[in-house]
Amino acid sequence: MSPLLEVGDLSVAYGAIEAVRDVTFSVDEGQIVSLIGANGAGKTTTLRTVSGLLRPRAGTVRFDGRDISGLPAHSILNLGIAHCPEGRRTFGRMTVEENLLLGAYTRDDEPGIQSDIRRVYELFPVLGQRKNQKAGLFSGGEQQMLAIGRAMMSRPRLLMLDEPSMGLSPIMTNLIFQTISELQSQGTTILLVEQNALAALALSDHGYVIDLGATTLDGPGKELLADERVRSAYLGED
Amino acid sequence: MTTLLQQIANGIALGATIGLIALGYTMVYGIIQLINFAHGEVFMVGAFGGLAVHRWLLPEAWQGDWYISLPLMIVGGVVVAVTIALIMERFAYRPLRNAPRLAPLITALGVSIVLQEAIRIWFPNAESAQAYPKAFIDAQVDLGPVSISASKLLIIVVSVALSVGLQLYVTKSRMGRAMRATAQDRDTARLMGVNPDRVIVLTFLIGAALAGVAGVLYGVDITNVDNAIGFQNGIFAFTAAVLGGIGSLRGAVIGAFIIGLIKTLGGQYMPGGTQYDYVWIFVVLIFVLVFRPQGLFGEAERVRA
Amino acid sequence: MTTTTATVRSRPRITLAPTLAKPLAAAGGVLAVIAALLPWTTFVLFDNDEVNPSLQYFDAPFALSGYRLHTMLLGLAVLVVAFVPRIPGRARAQRALGFGIAAIGLISLIFLSYNGGGVGTVTAADGDAAFGAVVALVAGVLVVLSAIAAGITDIPDFPTRLPRLAAYGALVLAFAAILFLVAETLTAGGRSGVSNPYAGPTFLAFLGMAGGVLGALSGVGVVRWISALSERHRAFSIIILVLCALSLPLTSAGNAYWMTVATTIGVYAATAIGLNVVVGLAGLLDLGYVAFMGVGAFVAANLSGAATSKLGIELPFPVAALIAAILAGIVGAIVGSPTLRVRGDYLAIVTLAFGEIFTRSAQNDIGGLTGGSNAIPRIPDVELGGTAFNEEIQVGGLELPGGVLYYFMIVLVVGAVMAVFANLKNSRAGRAWIAIREDEDAARAMGIRTGKAKIMAFLVGATLAGLAGAIFAHKLTIASFDSFKFLESVTLLAAVILGGMGTIPGAVLGASLLFVLPEKLREFDDYRLLLFGLALILIMRFRPQGLVPDRVRRAELAGETATGKSIDEEEALVVEQEHDGPTGKKGGTA
């Protein structure tokens with residue numbers, strides 16, 4: 001069976017500056033795959049390219065066997081890829097409910113949307129309690145919940161999460177990672193970008209290390225966790 | 001006292017016209033941070049569109065019946081205004097979407113000049129002011145001590161109705177949500193599946209439609225139009241949008257009423273009379289920008305983040 | 001607001017085999033020569049042909065003069081450039097020459113067929129054949145194609161460390177050539193008007209030729225070399241430039257009419273340099289700038305004993321001009337003071353508001369100082385030792401045309417301004433302005449007193465405009481609010497942008513073009529503003545960095561910083577690279 005998402009020899013540049021030069025990885029249906037690497041390694045750029053915010057300079061992005069590189073973001077979303085961006089980027093001047101409705105922007109099955117909103121409120125009860133408040137008033141963790149919930153509203157086959165634990169307390173981080181496993185068990189494939197390599201790899205079926213814009217190392221999450229090079233470079237051990 | 005009330009009534013009618021134009025400024029600014037200088041000209045071509053319908057399309061038998069001719073003229077004005085606005089969005093502004101901010105602003109100035117000149121050169125006889133049909137009941141309505149023409153009353157009613165309608169559309173509808181999302185964070189809106197191009201086109205379209213309506217009603221009320229009405233009213237409308245807090249729909253409308261009042265009351269009571277009424281608007285604009293650049297309603301409900 | 005759409009979408013480009021380059025160039029060059037020899041119209045265009053000695057739309061074959069001569073010269077130049085070995089930057093030169101030939105052909109084609117009443121005029125009608133314009137157009141296109149086939153290469157660099165004398169010689173030659181070109185450009189086509197229906201197209205065709213030659217010189221690196229040389233010997237260059245400008249009355253442009261045109265251009269050039277400080281250097285968009293010129297004009301008018309002035313003061317011109325400049329500067333500082341709190345687009349609107357307040361007040365004769373719609377007429381001529389500046393004068397055996405003294409004055413003013421401002425960019429104040437333009441918060445964090453610097457920019461710019469306004473009022477002998485309206489502000493802004501923001505030669509060039517063109521194209525007067533508006537749109541779309549781009553500014557406008565890069569900017573960047581070679585310099589601002 002071919003992988004759900006397959007990225008090959010991807011290269012992306014901002015003008016003359018190449019942010020990603022040789023990234024190759026794949027994500028199988030039902031897996032959690034994480035991309036780890038230092039700041040500025042090109043992880044976020046990779047996700048933004050997959051979701052259509054950036055155009056690749058070279059290389060391929062295939063989703064479900066179809067070449068999607070260069071498609072506009074809204075078409076890619078329609079194919080079943082949701083991208084929960086770095087820094088959460090919730091719409092601060094809109095209510096929780098409006099944010100979730102925007103997540104379902106491309107759908108028009110009103111009953112389905114309503115039941116999905118209820119699902120999100122079950123998953124994150126705090127959102128349900130404050131559904132008519134402006135998102136800008138929320139804490140970082142709550143905004144992250146909202147961002148994930150919003151991304152789930154499009155019923156994606158692949159959910160891409162960019163640094164979901166960034167700036168969160170350890171308790172909140174735990175909660176978010178629990179949620180990610182839960183989403184996987186409900187059948188969503190997940191591509192995770194994290195600086196918190198330990199937590200990410202512990203959760204992942206497969207992991208890739210991105211260094212200076214290229215994938216340099218990969219393997220099952222547990223194996224990477226044990227890998228000397230990974231431990232020294234990304235887990236702060238000598 | 002009667003004079004004061006009368007001038008207030010006139011100011012509100014002027015504010016209603018300006019408000020319809022100001023909504024277009026504020027929406028476009030909210031979405032793409034462009035001061036669309038040419039928006040006043042969209043209002044102007046809208047007025048000429050309505051005039052063209054009356055002059056060349058309406059059978060003479062219908063011209064006297066305002067309930068037939070006025071709606072058709074409004075449709076004509078809106079169609080022309082929207083067409084022009086969409087052309088300029090597509091060919092002048094869209095290619096500059098990511099250029100430094102100076103570029104689209106200067107382009108907007110260019111578009112404004114082109115539209116003014118195009119009307120002057122190609123609309124028959126438009127080198128001088130054109131008589132506009134009185135396509136509405138020619139009557140004065142007495143409201144206590146104040147008497148206001150029926151056409152001014154119509155402008156006020158239409159303007160308030162359209163503003164409320166737009167506010168509801170933007171806050172309640174799916175496309176309205178998409179517009180607000182695009183205004184706040186375009187990239188994230190794209191991740192929600194929003195196509196920013198469509199949102200921007202829709203924004204221009206709505207703004208132009210409102211300006212087209214305003215153009216026809218303005219012509220019907222003032223009963224003559226020339227190719228300069230866009231520049232002047234456009235500046236008033238822009239001032240109103242800034243005064244209200246650019247990006248805010250409610251602010252634009254309230255700002256417009258304030259501007260209308262400043263102009264009529266300033267012309268009545270300030271030194272220099274009507275020769276300087278225009279100046280007071282700019283004085284207010286400068287003071288607002290200097291001392292409260294976010295506008296009067298900067299923190300209230302806004303289209304943009 | 002960061003919309004990030006990275007990477008290049010390759011433009012559809014014409015590619016041709018390099019082997020085609022020489023044959024195409026040969027064909028194009030020969031065709032251009034043939035075109036020059038062919039007749040261009042099938043009939044005599046205007047009745048008064050014999051009255052007009054500058055008649056150039058010949059219906060006769062082999063009549064070589066005017067633009068037909070230009071076409072032939074360009075064609076020969078193409079052959080030379082194509083077949084002399086080891087010419088650096090050959091393809092660029094060819095491309096420019098090709099565009100020049102094509103421009104001449106196209107302009108003539110349009111003019112002739114429009115006035116002749118159809119394509120028969122420029123092809124075959126009534127048994128006559130006249131394919132000159134068509135052949136020229138084809139020749140131009142072939143030459144451009146040959147350049148594309150050859151492949152555009154970098155502009156070559158020549159050494160600029162020359163012995164002083166050699167450098168001076170080169171500069172003198174270059175500036176003399178510029179003087180010649182300016183005089184020819186001014187007089188090309190003659191004075192526009194009803195009696196001279198050829199003026200517009202002849203002038204445009206001349207511009208096509210001049211553009212082609214300049215482009216070719218630029219392509220082989222001569223222009224860059226000269227500008228580097230003049231940069232190195234700046235003081236000498238400015239002196240020579242001023243001397244050259246002062247000799248303009250001795251050329252074919254030496255009559256009262258052209259002196260007036262040249263003086264007006266000078267006034268607007270000085271004003272544009274001032275605006276350039278505000279917009280180009282400090283990045284503060286000013287949409288009401290012409291008001292400062294107006295302040296200068298009205299102050300000078302009131303202080304110089306104009307008949308209708310209520311003040312009844314009559315000061316000598318230098319004093320009046322000085323006061324005008326100072327007052328305009330003060331007004332500038334006042335108008336600029338909101339910059340302490342207002343930024344960007346909002347600032348543009350504040351300046352627009354001030355400009356409108358000025359216009360409206362002047363129109364209403366505020367305080368009896370502006371004459372309202374009657375203006376202030378009959379401002380006395382400037383006098384020096386009993387000679388009124390509008391009179392003809394005699395120096396030794398030389399007869400100089402009327403108005404020449406105003407011209408001299410404005411040349412000296414512009415020269416002085418250029419001398420002062422040439423160094424400005426590298427001065428402390430200039431660096432502060434540029435820092436503010438690039439990033440105001442960062443500039444403040446670096447310890448620049450941004451408020452003071454911004455107000456200084458307005459003050460300096462307004463002072464210059466005020467001085468220019470004073471000269472303007474005296475030259476025209478009238479000061480009217482009509483000359484200082486929003487449209488004039490936009491035109492000045494367009495001049496700065498068209499020339500290239502932040503560069504002084506750019507401001508002068510832009511002002512010259514925007515104020516010469518309407519003078520030359522009177523028969524299109526009705527369409528003047530329409531074309532102007534279109535030009536603004538097209539410049540912003542296709543060459544936002546202007547004709548003489550500033551290096552830093554160019555990087556900024558042509559290819560933005562990493563996160564703001566768009567596809568369209570990518571294209572602009574690619575185009576820039578073609579023009580200017582290696583990309584290395586441009587990465588700098590990213």
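Reply: In chain C, the C-alpha centres of domain 1 and domain 2 lie 40 Å apart. Domain 1 of chain C takes in 18–167 + 191–232, and domain 2 of chain C takes in 281–491; such bounds come from an automatic or database domain assignment. The model is predicted, so local features need pLDDT of at least 70 and side-chain atom pairs count only at pLDDT 80 or more, while totals for chains, interfaces and linings use all residues. Residues are numbered from 1 along each chain as its sequence is written, and chains are lettered from A and ligands numbered from 1 in the order in which they are written.

Chain C has 590 residues, and 52% of them count as buried (20 or more other C-beta atoms within 10 Å of a residue's own; 12 or fewer is exposed, and in between is partly exposed; C-beta atoms are placed from the backbone). Its secondary structure comes to 21 helices and six strands (DSSP runs, H or I of at least four residues for helices and E of at least two for strands, numbered from the N terminus). Of the contacts in chain C with a separation of 6 or more, 78% join residues 24 or more positions apart; a contact is a pair of residues whose C-beta atoms, placed from the backbone, lie within 7 Å.

Helix 4 of chain C covers residues 132–150, and its 19 residues should span 27 Å at 1.5 Å a residue (the expected span is 1.5 Å times one less than the number of residues). The C-alpha atoms at the ends of helix 4 of chain C are 27 Å apart, which agrees with that figure. Helix 4 of chain C is mostly covered, with 17 of its 19 residues buried. After helix 4 of chain C comes Gly151(C), where phi is positive, near 90°.

Next is a pair of helices. Helix 5 (residues 164–187) of chain C packs against helix 8 (residues 234–246) of chain C at an angle of about 30°, with the axes 9 Å apart (axes are lines fitted to C-alpha atoms, for helices over the stretch in contact, and angles run from 0 to 180 degrees between N-to-C directions). On the helix 5 side of chain C the contact uses Tyr168(C), Leu171(C), Val172(C), Phe175(C), Ala176(C), Ile178(C) and Leu179(C). Helix 8 of chain C supplies Phe236(C), Ser237(C), Ile240(C), Leu241(C) and Cys244(C). By type, the contact of helix 5 with helix 8 of chain C has eleven nonpolar residues, one polar and no charged (Ala, Val, Leu, Ile, Met, Phe, Trp, Tyr, Cys and Pro are nonpolar, Asp, Glu, Lys and Arg charged, and the others, Gly among them, polar). An α-helix has 3.6 residues a turn, so residues three or four places apart point the same way.

Thr450(C) counts as buried because it has 21 C-beta neighbours inside 10 Å. Apart from neighbours within four places in sequence, Thr450(C) is in contact with Ile436(C), Glu440(C), Ala443(C) and Arg444(C). Ala432(C) is 18 residues from Thr450(C) in sequence and 7.7 Å away in space, C-alpha to C-alpha.

Chain C also touches chain B. The contact takes 41 residues from chain C and 37 residues from chain B. On the chain C side, the elements that give two or more residues are helix 12 (344–363), helix 17 (486–499), helix 19 (528–542), helix 20 (551–558) and helix 21 (567–580). Helix 12 of chain C gives the most to this side, with eleven residues. The side of chain C that touches chain B divides into 22 nonpolar, nine polar and ten charged residues.

Chain B in turn meets chain A: 16 residues of chain B are in contact with 21 residues of chain A. Helix 2 (73–79) and helix 3 (96–103) of chain A are the elements giving two or more residues to the chain A side. That side of chain A has ten nonpolar, eight polar and three charged residues.

How values were computed:
Contact = placed C-beta atoms within 7 Å.
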